[in-house]
Amino acid sequence: PKTDIVFLKVHKSASSTVMNILFRFGETHNLTFAFPQGGGFQLYYPHHFLARFVQGFSPQSPRRFNILCHHMRFLQPEVQKVVPSSAVYFSILRNPVQLMESSFVYYKGASAFSRVRSLEEFLSQPYRYYSPTSGDRQYSRNLITFDFGFNPDGDVSPERVQLMLKAIEASFDFLLISEYFDESMVLLKEMLCWDLDSVVSFPLNTRDSSTKSTLLDSTVEKLKAWNRLDWEIYTHFNRTFWERIERDIGRERMERELKALRERQAELARTCLQGAGGVAPKDIKDSSLRPLQYGGARILGYNLKQGLDGELERTCRRLVTPELQYSSLLYKKQFPPPPP
């Protein structure tokens, strides 16, 4: 199994669920994480990543970390200073139309969104609300492009787009697609030579459907045009994702693997969870399992069954521990506070 990993965590793209998978794998195999300085949750995002943002990194010492997966704005030469040269690089993409709808709800306080009532109002004259110089511009335009380290207001000429796609292909071994999450997990398992239980998950950091809105066709087209660079990245890597599955796994084996993955997840849900799945924040009984609530979204969580035995309780708890709590727990394990 591959144990040296760089995961570029693109915002609002099922990346918290992937992060939970990496946290569990790292914890089970006693791997080290490249944590933000002081145990924060982002690597000085939205600044481009620098090695010195990582707790325990020093230019003098050749120490390397196994897993880098916290939010960052990608800059490969700096990333290479903190992970082994053998590291596997991957990321996950989401359709930019749904991504921006989610972003609008989640980052409602962002400068470009704070003065509009709806996404339609913003798109009717985006430059009235959007400023390329604002410090949080990325949440309202080409968020994928920005997270990969490029300029979200960059030129959309075919030459420029090709250069960007080639740069991403040169840096990353593969990109997953969040709309095909289960297929993505089968591909991840294949690429990292992991076992099935390492890639099972329950969806984390997901919104209650009451805050999701259906978009008009005209809005969808405006969103694609406004996020043109993201759209180019997404359509290109959505195509290569299926090409890779055809080449490396094949349709028939993919069907078998999907069946096994879904059966295992259903079995774990029956074993671990009270009720059928995610519950509203107010209904989560164990406060340590309550996810951070942010913006206008209502983020769902889980209740564990009572009376699970030790090892099983641990397995179930890890599957539903929200990102911030899990990150803090692993940070304390890796950098134990000095005894009083």
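Lys189 is buried, at a relative accessible area of 15% (buried is under 20%, exposed over 50% and partly exposed in between, with a 1.4 Å probe and protein chains only). The model here is a predicted one, so local features need pLDDT of at least 70 and side-chain atom pairs count only at pLDDT 80 or more, while totals for chains, interfaces and linings use all residues. Residues are numbered from 1 along each chain as its sequence is written, and side-chain values use heavy atoms, with hydrogens and water left out.

Back to Lys189, which forms a salt bridge with Glu257, the closest N and O atoms being 3.1 Å apart (a salt bridge is a side-chain nitrogen of Lys or Arg within 4 Å of a carboxyl oxygen of Asp or Glu). Lys189 sits in helix 8 and Glu257 in helix 12, so the pair ties together parts 68 residues apart in sequence (helices are DSSP runs of H or I, at least four residues, and strands are runs of E, at least two, numbered from the N terminus). Glu257 counts as buried, at 15% relative accessibility.

Arg262 pairs with Asp182, and their closest N and O atoms are 2.7 Å apart. With Arg262 in helix 12 and Asp182 in helix 8, the link spans parts that are 80 residues apart in sequence. Asp182 counts as buried, at 17% relative accessibility, whereas Arg262, at 42%, counts as partly exposed.

As for the helices themselves, the axes of helix 8 (residues 181–192) and helix 12 (residues 251–272) come within 10 Å and cross at roughly 105° (axes are lines fitted to C-alpha atoms, for helices over the stretch in contact, and angles run from 0 to 180 degrees between N-to-C directions). That makes helix 8 roughly perpendicular to helix 12 (65 to 115 degrees is roughly perpendicular, under 35 roughly parallel, over 145 roughly antiparallel and the rest oblique). On the helix 8 side, Asp182, Glu183, Met185, Val186, Lys189 and Glu190 meet Arg253, Met254, Glu257, Leu258, Leu261, Arg262 and Gln265 of helix 12 (contact means heavy atoms within 4.5 Å). By class, the contact of helix 8 with helix 12 comprises five nonpolar, one polar and seven charged residues (Ala, Val, Leu, Ile, Met, Phe, Trp, Tyr, Cys and Pro count as nonpolar, Asp, Glu, Lys and Arg as charged, and the others, Gly among them, as polar).

Helix 3 (residues 96–106) and helix 11 (residues 228–248) pack at about 130°, their axes 9 Å apart. These two are therefore oblique to each other. Here Pro96, Val97 and Leu99 in helix 3 meet Asp230, Trp231 and Tyr234 in helix 11. The contact of helix 3 with helix 11 has five nonpolar, no polar and one charged residues.

Across the whole structure, a search turns up 25 salt bridges. One of them joins Glu27 to Arg318, with the closest N and O atoms 2.7 Å apart. Both Glu27 and Arg318 are buried.

The largest nonpolar core has 109 residues, of which Leu68, Phe122 and Phe148 touch the most other members (such a core is a set of buried Ala, Val, Leu, Ile, Met, Phe, Trp, Tyr and Cys residues joined through side-chain atoms within 4.5 Å). Leaving aside residues up to four places away in sequence, Phe148 touches Leu8, Val10, Phe74, Ser91, Leu93, Ile168, Phe172 and Leu175.
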